[in-house]
Structures are given as structure tokens and as C-alpha cells.
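Hi everyone, thanks for coming. Let me put the structure up on the screen, and then we'll walk through a few parts of it together.

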Amino acid sequence: MSEEAVRRQKDRAAQLLAQGKVAAALEEYQRISRAVPADLSVRQKVAELLARLDRTPEAIAEYTGIVRRYAEHGFFFKATALCRVILALDPAHQEAQRQLAGLYAAREA
């Protein structure tokens, strides 16, 4: 998919969201995510919209994958922020607790 096509899809998704059509915006962002899986900002928007639609387990799964990718690329602050988002959705989420502890340990090493 060309960059221009991706840009148009992102604009359409943002427009749908601005109109309050959260489910339709989610579908659009999911299409973009499938076409450009390396775009973590789109994957994060998917997770945010899933959470907004009370699809918490799906949102957490998406956030967890993003945290891993951010950590792999050395984006400590983004990874820790998303761990905190996961824990806000599910305070007992053990994997997010482990990821957060691991991120802090790696940063102090």
C-alpha cells in the first residue's frame, strides 16, 4: 500500500472518529494496521479504540504487543507508559507488571 493511500485511510479513520463513529473508525484503523503492521501509532490507536468500546481483553493484547516492540527498539518511556495503561485497564495483569519491572531493571543496568 502506498504512503498516500495509508495517509488517506488515516484521514478517513480520524474523520470517522471525530464524527463519533468509534466502531467504524476502529475498523478503518484495523485495516491500516493489517496493511502496515510496523506502524505502532496505528496499532496504539486500535488498542485505544478497543478499550473505548469496552473490548478490554483485545485492547490489552494489542497494547502488550506494542510494549514488546517499543522495548525491543529502546523506547523505554513509551513502553512504560503503555504498561501503565494496561494496568489501569487491569490492575492485576501479571504480564504488564513483569514487563514494567523488566523495563525498569534494564534501564538501571
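Let's begin with a term: helices here are DSSP runs of H or I with at least four residues, strands are runs of E with at least two, and both are numbered from the N terminus. With that in hand, E62 sits in helix α4.

Before going on, a word on where this comes from. It is a predicted model, in which local features need pLDDT of at least 70 and side-chain atom pairs count only at pLDDT 80 or more, while totals for chains, interfaces and linings use all residues. Residues are numbered from 1 along each chain as its sequence is written, and side-chain values use heavy atoms, leaving out hydrogens and water.

Back to E62: is this residue buried or exposed? Its relative accessibility is 18%, so E62 counts as buried; the cut-offs are under 20% for buried, over 50% for exposed and partly exposed in between, with a 1.4 Å probe and protein chains only. What does E62 touch? Leaving aside residues up to four places away in sequence, E62 touches R43, V46 and A47, where contact means heavy atoms within 4.5 Å. With R43 there is also a side-chain to side-chain polar contact at 2.7 Å. That term covers a pair of N or O atoms within 3.5 Å; within protein, one must be able to donate a hydrogen and the other to accept it, and residues adjacent in sequence count only if both are side-chain atoms.

Now take a look at D54, in the loop between α3 (40–52) and α4. D54 has a phi near 60°, a positive value in a residue other than glycine. At 66% relative accessibility, D54 counts as exposed.

Next, the helix packing. α4 (residues 56–72) and α5 (residues 76–89) pack at about 160°, their axes 9 Å apart. Axes are lines fitted to C-alpha atoms, for helices over the stretch in contact, and angles between N-to-C directions run from 0 to 180 degrees. The two helices are therefore roughly antiparallel; angles over 145 degrees get that name, under 35 is roughly parallel, 65 to 115 roughly perpendicular, and the rest oblique. Among the residues making this contact are I60 and Y63 of α4 and L82 and I86 of α5.

Finally, α5 and helix α6 (residues 94–108) pack at about 155°, with axes 9 Å apart, so α5 and α6 are also roughly antiparallel. Their meeting residues include F76 and C83 in α5, and L100 and Y104 in α6.
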